[in-house]
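Please open the model in your viewer, with the sequence panel beside it, and follow the selections below in order.

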Amino acid sequence: MPLRLAALLLLATTATWTAGVTAAAAGRVFNVSDFGAVADGRTDDSEAFLRAWTEACATPGRPAVVVPRGDYLLHPLVFRGPCRGYVEVHVGGVLRAPPGLAAFRGCREWVHFSSIDGLLVTGGGTFDGRGATAWPLNECPQKRDCRLLPTVSSATCATILLHSDIIVVQRRHQSIKLGLVRNATITGVTSLDSKFFHVAVVGSQDVRIHGVSIRAPRSSPNTDGVHIQGSSNVRVTDSAVATGDDCVSVGPGSSDVLVSGVACGPGHGISVGSLGRYPGEGDVRRLRVANCTVAGTSNGVRIKTWRGGSWPPTAVAGLVFEDIVMRKVRNPIIIDQEYCPYPSCRESEQRPSAVRISDVKFRNIRGESATKVAVKLSCSEASPCRELELRDIDLRYVKRGVATQSRCAHVAGGVVGGTLVPPSCI
């Protein structure tokens, strides 16, 4: 993370905790310590958190659940609404997930906020997913069908069969999930070493994720920073994301999404998709990615769709990627409609992708490419990309004296303008 951004995030989180707790005093405060939380890092404090939440949720106005500094062990929890007021959750301490996967007993989320209209999660604290204890159990990056959870001898803890890169996010584990939530903000907190996705926004509206720090090692599998699916009016701003997968991933059914001021890397870049693998996927429309820095990632800005697909096809339209700096990125600009990360693909995945991509703009993207091919637009033979725009692109190869290249396949025209390094293939 750039030092300046790290310093700003530290100041923001400290200020958020101090000002937030003071502001919470204007409404009723529900301190988890008053409900029995021990905060020794060993005792399960889940029940204390749920009791504090239940009281706050039933309180009108602007109640606050306050988590003082300390070390809290939490098993999987659902903070469920609807609530009578706008609930604030001030996390000043460290929340730690149980090690491994046994405690999840079939649960797919660690901290799940569900069916709430009016939510603020803030305070400068940390959600520690303790992912290193689960990553060795995840075979999904290598195997198409993988048993992610161990068999548990309970009728409520059935083994769950997962597929790698599943876009049906309910089958994935997340550290923090906003499900069926409206008018929600997450700001000034850290998500550390999630077992799988860090933050998932699913079936929600009017969500802001601002000034957060998300961290996991480059080698950690499936640790997407922020995943958005089936949601609208979502903003991810002024945050630092370093993971083993996509910094931000925008899945099916998402619209009116803004990603701005994000420092991304390491990881797989900022991605739309993957799309087109499952029937009934919704369209992705009106995404803007702007003023971001992407460093040391395997991709920069990417659209990825599976070969094959079902009818009616998913559409991707109205996307803008602009004012982005690339630093030693392997695929700075990429559309990949031949996505299949396995050595062999099924027969249905040998057909061209059915996903329709149109009206996608790449503007003012500059910096260093770690590969000679800096722009790769590999579109579908069955449904060529339309209305693409490349304008003011300046991507130089990290080795001086070697020119970068662009490659296109099945692009049905487009618009180019300004500086173009490498030269356009449209």
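A disulfide is taken here as a pair of cysteine sulfur atoms within 2.5 Å. This is a predicted model, in which local features need pLDDT of at least 70 and side-chain atom pairs count only at pLDDT 80 or more, while totals for chains, interfaces and linings use all residues. Residues are numbered from 1 along each chain as its sequence is written, and side-chain values use heavy atoms, with hydrogens and water left out.

**First stop: the cysteines**

By the sulfur-distance rule the model has 4 disulfides. Select C247 and C264, which are joined with an S to S distance of 2.1 Å; the torsion about their S-S bond is about 80°, so this disulfide is right-handed. C247 sits in the loop between strand 21 and strand 22, whereas C264 belongs to strand 24, 17 residues apart, so that the pair links distant parts of the chain (strands are DSSP runs of E of at least two residues, helices are runs of H or I of at least four, and both are numbered from the N terminus). Both cysteines, C247 and C264, are buried, where buried means under 20% relative accessible area, exposed means over 50%, and partly exposed lies in between, with a 1.4 Å probe and protein chains only.

Next select C379 and C385, another disulfide, with 2.0 Å from S to S. The torsion about the S-S bond of C379 and C385 is about -100°, so the disulfide is left-handed. C292, by contrast, is in no disulfide, and the nearest cysteine sulfur, that of C264, is 8.1 Å away; at 1% relative accessibility, C292 counts as buried.

Which residue does UniProt give as "active site"? The unreviewed entry places that feature at H268; UniProt positions are given in the numbering used here, feature names are shortened, and annotations may be inferred rather than shown by experiment. H268 lies in the loop between strand 24 (263-264) and strand 25 (270-275), and it counts as partly exposed at 28% relative accessibility. Not counting residues up to four places away in sequence, H268 touches several residues, among them D246, S298 and R302, contact meaning heavy atoms within 4.5 Å.

Move on to D246, in the loop between strand 21 (240-242) and strand 22 (248-250), which is buried with a relative accessible area of 1%. Its side chain makes a polar contact of 3.0 Å with the side chain of S271, and a polar contact of 3.1 Å joins the side chains of D246 and R302. A polar contact is a pair of N or O atoms within 3.5 Å; within protein, one must be able to donate a hydrogen and the other to accept it, and residues adjacent in sequence count only if both atoms are side-chain atoms.
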